[in-house]
Amino acid sequence: MYCHKRYLHCQFSVQTDWPGGIYASPNLGGSRAGGLIAACWASLLFFGKEGYTSKTKQIISTARFLNERLKEIPGIFIYGKPLMSVVAIGSKEFNIYRLTSALTKKGWSLNMLQFPKGFHICVTMLHTLNGVAEQFIDDVRQCTKEIMQDPKAVATGTAAVYGMSQSIPDRSLVSEVGWIFLDTCYSTDVTNGKISS
């Protein structure tokens with residue numbers, strides 16, 4: 001819809017130093033797109049104020065349970081004092097991204113953090129279901145125990161890439177990769193059956 005790529009770039013947002021990680025969004029709304037806002041409004045209408053409040057209390061209660069139980073696991077620590085639905089985890093003993101990778105392989109959806117290194121779990125209604133929070137604790141305990149057998153081992157895969165990107169002092173290089181990624185997502189130029197930017 002734009003006559004030149006430079007206009008498209010005006011709608012992009014790339015943040016390389018955000019504590020939540022490298023953030024490249026094709027629009028200023030980022031993860032707060034209209035569909036998500038509509039889903040929240042529909043949930044509020046479906047559950048009503050009392051139901052919505054009840055669900056919120058369950059989520060916060062589960063987050064507090066996770067916070068207390070995770071503190072007991074040797075090798076990791078909790079960042080800050082979580083008051084709501086997000087619990088952030090770090091380690092002074094090993095590369096925390098190794099734990100993120102191990103838990104992702106077990107099916108957990110987690111968000112990596114940078115500055116400081118870590119990851120967080122955003123507690124939702126799914127985590128309040130019977131046995132889910134306990135399973136997460138068990139998986140963190142098991143994976144951490146395995147990692148602590150060789151805490152100095154190097155990270156591989158996504159964990160290695162993520163950790164490496166933090167160590168690049170010139171953040172403009174990381175930003176440029178974000179811009180290239182977004183340009184590629186919007187490219188319509190097909191050459192030899194391959195999309196090019």
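E68 and K71 form a salt bridge in this predicted model. Their closest N and O atoms are 3.4 Å apart. E68 is partly exposed, with a relative accessible area of 45%. K71 counts as partly exposed too, because its relative accessibility is 47%. Side chains of opposite charge can pair when their charged atoms come close.

The count of salt bridges comes to three. Another one joins E72 to R69, with 3.7 Å between the closest N and O atoms. E72 is exposed, at 54% relative accessible area. R69 is partly exposed, at 28%. D138 and R141 also form a salt bridge, and here the closest N and O atoms are 3.6 Å apart. Both residues sit in helix 5, which covers residues 132-148. They are three residues apart, so about one helical turn separates them. An α-helix has 3.6 residues a turn, so residues three or four places apart point the same way. D138 is partly exposed, with a relative accessible area of 39%. R141 is partly exposed as well, at 33%.

Turn now to helix 2, residues 34-70, where L45 is found. L45 counts as exposed because its relative accessibility is 56%. L45 belongs to a nonpolar surface patch of about 670 Å².

Four strands form an open sheet in the order 3-4-6-5, and the pairing is antiparallel. Strand 3 (77-78) and strand 5 are the edge strands, since each pairs on one side only. Strands of a sheet pair through backbone hydrogen bonds, either parallel or antiparallel. Strand 3 pairs with strand 4, residues 86-90, over two bridges. F77 stands opposite G90 of strand 4.

Helix 3 spans residues 96-105. Its buried residues include I96, Y97, R98, L99, T100 and L103. N95 caps the N-terminal end of helix 3. A side-chain oxygen of N95 lies 2.9 Å from the backbone nitrogen of Y97. G107 follows helix 3, and its phi is positive, near 100°.

Further on, S109 lies in the loop between helix 3 and strand 5, which covers 111-113. S109 is exposed, with a relative accessible area of 64%. S109 and I121 are twelve residues apart along the chain. Their C-alpha atoms are separated by 7.5 Å.

Key: Residues are numbered from 1 along each chain as its sequence is written. This is a predicted model: local features need pLDDT of at least 70, side-chain atom pairs count only at pLDDT 80 or more; totals for chains, interfaces and linings use all residues. Side-chain values use heavy atoms; hydrogens and water are left out. Patches are made of residues with over 30% relative accessible area and no salt bridge: like charges are joined within 9 Å, nonpolar side chains (Val, Leu, Ile, Met, Phe, Trp, Tyr) within 5 Å. Accessible areas come from the Shrake-Rupley method with a 1.4 Å probe; for residues, only the protein chains shown count as cover. A salt bridge is a side-chain nitrogen of Lys or Arg within 4 Å of a carboxyl oxygen of Asp or Glu. Buried means under 20% relative accessible area, exposed over 50%, partly exposed in between (1.4 Å probe, protein chains only). A polar contact is a pair of N or O atoms within 3.5 Å; within protein, one must be able to donate a hydrogen and the other to accept it, and residues adjacent in sequence count only if both atoms are side-chain atoms. Two strands pair if DSSP finds at least two bridges between them.
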